[in-house]
Amino acid sequence: MIRYNYHTHTCFSDGKNTPEEMVQEAIALGFRSIGISDHAYTEFCSDWSVSRERIGEYLSTLQELKQKYGGQIAVYAGWEQDALAGPVPEGLDYVIGSVHWLYKNGDYVALDESRKTIKNAIQTHYAGDADRLAEDYFALVSSYAEDPAVSVIGHFDLITKFDETAPALFHPTPRYTAAWEKAAKRLVDAGKIFEINTGAISRGKRLTPYPSGEILKRLGEMGAKGIVSSDCHSKDALACAFDRAEVLARKYKIELVDLF
Ligand SMILES: [Zn+2]
Ligand SMILES: [Zn+2]
């Protein structure tokens with residue numbers, strides 16, 4: 001049974017609960033450890049990230065919770081970095097490397113906002129060629145191989161978020177497959193840990209975690225290490241579908257590891 005979660009959001013970014021409420025819920029669930037990983041501040045989007053002014057408060061709040069609940073659970077200060085965000089702040093215990101944005105032709109394209117946004121971007125910036133967007137996306141994800149601060153790769157195939165509940169925008173074409181395989185290889189070689197991320201399940205967007213079974217199978221063959229997380233935005237989803245994620249890890253022979 002998984003007794004940790006290092007990908008959680010709070011009201012410091014776009015989550016509903018306070019960090020303390022998340023810690024209390026983790027204790028109630030019998031977790032051994034909890035990491036808070038709010039969204040990195042970015043200059044171009046203030047809607048759902050930690051504001052620049054509150055980064056210090058975010059870090060000090062997590063330090064206080066470490067002390068306060070130290071006898072009951074291990075609390076870690078995390079950060080969900082975006083590849084287009086600035087440098088990560090000092091004083092973190094770990095960083096998740098995610099890509100939520102592409103920058104193309106002067107536009108910031110949000111990848112997990114809506115199917116329509118991605119579809120428009122494919123038309124406007126990639127001449128209708130979804131594989132080209134996927135190539136840009138996976139190349140950016142793979143750049144975390146060179147970032148020593150990042151230990152975990154967040155929701156590796158996020159661009160498929162809307163592909164289970166509506167006609168798929170991405171298909172396993174040779175180019176699509178080559179794009180993720182190349183990125184996966186580079187990241188596995190760099191020792192990065194891949195999330196089996198159940199976040200879209202609790203939000204009703206998917207029935208299966210990221211990444212897809214096809215990718216998990218290949219990651220298992222490559223000897224990738226995995227970590228289960230729920231990428232939750234409220235305490236109710238702290239352990240959402242963890243059992244399903246564990247079954248997939250076993251099925252695809254991905255060794256689950258703890259971060260600490
Ligand atoms: Zn994310
Ligand atoms: Zn997240």
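**Group meeting talk: strands, rings, zinc and charges**

Let me start with one residue, Tyr137: its relative accessibility is 0%, so Tyr137 counts as buried. Phe138 also counts as buried, at 0% relative accessibility. Please keep in mind that this is a predicted model.

What do these two rings do together? The ring centres of Tyr137 and Phe138 are 4.9 Å apart and the planes stand at 70 degrees, so we call the pair edge-to-face.

Another one I'd like to show you is Trp48 with Trp101, a stacked pair with 5.8 Å from centre to centre and 5 degrees between the planes. Trp48 sits in the loop between β2 and α2, while Trp101 is in strand β6, residues 101-104, so the pair ties together parts that are 53 residues apart in sequence. Trp101 is buried, with a relative accessible area of 9%.

Which strands pair with β2? One is β1, residues 4-5, which pairs with β2 in the parallel sense over 2 bridges. Tyr4 has Ser33 as its bridge partner in β2. Another is β3, residues 74-77, which runs parallel to β2 and is joined to β2 by 4 bridges. Here Ile34 has Val75 as its bridge partner in β3.

Going from β1 through helix α1, residues 19-28, to β2 gives a right-handed β-α-β unit. From β2 through helix α2, residues 55-69, to β3 we get a right-handed β-α-β unit as well.

On to the metals. Which residues coordinate the zinc ion, ligand 1? Glu80 through OE, His100 through NE2 and His155 through NE2, at 2.1 to 2.2 Å. Along the sequence, these donors follow the spacing E-x19-H-x54-H. Glu80 lies in strand β4, residues 80-82, and His155 in the loop between β8 and α5, so the pair ties together parts that are 75 residues apart in sequence. Both Glu80 and His155 are buried.

Last topic: charges. Opposite charges on side chains can pair when the charged atoms come close, and a search of the whole structure finds 14 salt bridges. One of them joins Arg175 to Glu135, with the closest N and O atoms 3.0 Å apart. Arg175 lies in helix α5 and Glu135 in helix α4, residues 130-142, so this pair links parts that are 40 residues apart in sequence. Both ends are partly exposed: Arg175 at 37% relative accessibility, Glu135 at 30%.

Glu255 and Lys225 meet in a salt bridge too, at 3.6 Å from N to O. With Glu255 in strand β11 and Lys225 in strand β10, that pair ties together parts 30 residues apart in sequence. And to finish, Glu181, Lys217, Arg218 and Glu221 are joined into one network by salt bridges that share partners.

Thanks, everyone!

Key
Residues are numbered from 1 along each chain as its sequence is written. Chains are lettered from A and ligands numbered from 1 in the order in which they are written. This is a predicted model: local features need pLDDT of at least 70, side-chain atom pairs count only at pLDDT 80 or more; totals for chains, interfaces and linings use all residues. Side-chain values use heavy atoms; hydrogens and water are left out. Two strands pair if DSSP finds at least two bridges between them. A crossover is right-handed if, with the strands pointing away from the viewer, the path from the first strand over the helix to the second runs clockwise. Rings of Phe, Tyr and Trp (its six-membered ring) pair if their centres lie within 6.5 Å; planes under 30 degrees apart count as stacked, over 60 as edge-to-face and the rest as tilted. Buried means under 20% relative accessible area, exposed over 50%, partly exposed in between (1.4 Å probe, protein chains only). Donors are N, O and S atoms within 2.8 Å of the metal (3.2 Å for Na, K and Ca); water is not among the atoms, so sites may look incomplete. A salt bridge is a side-chain nitrogen of Lys or Arg within 4 Å of a carboxyl oxygen of Asp or Glu.
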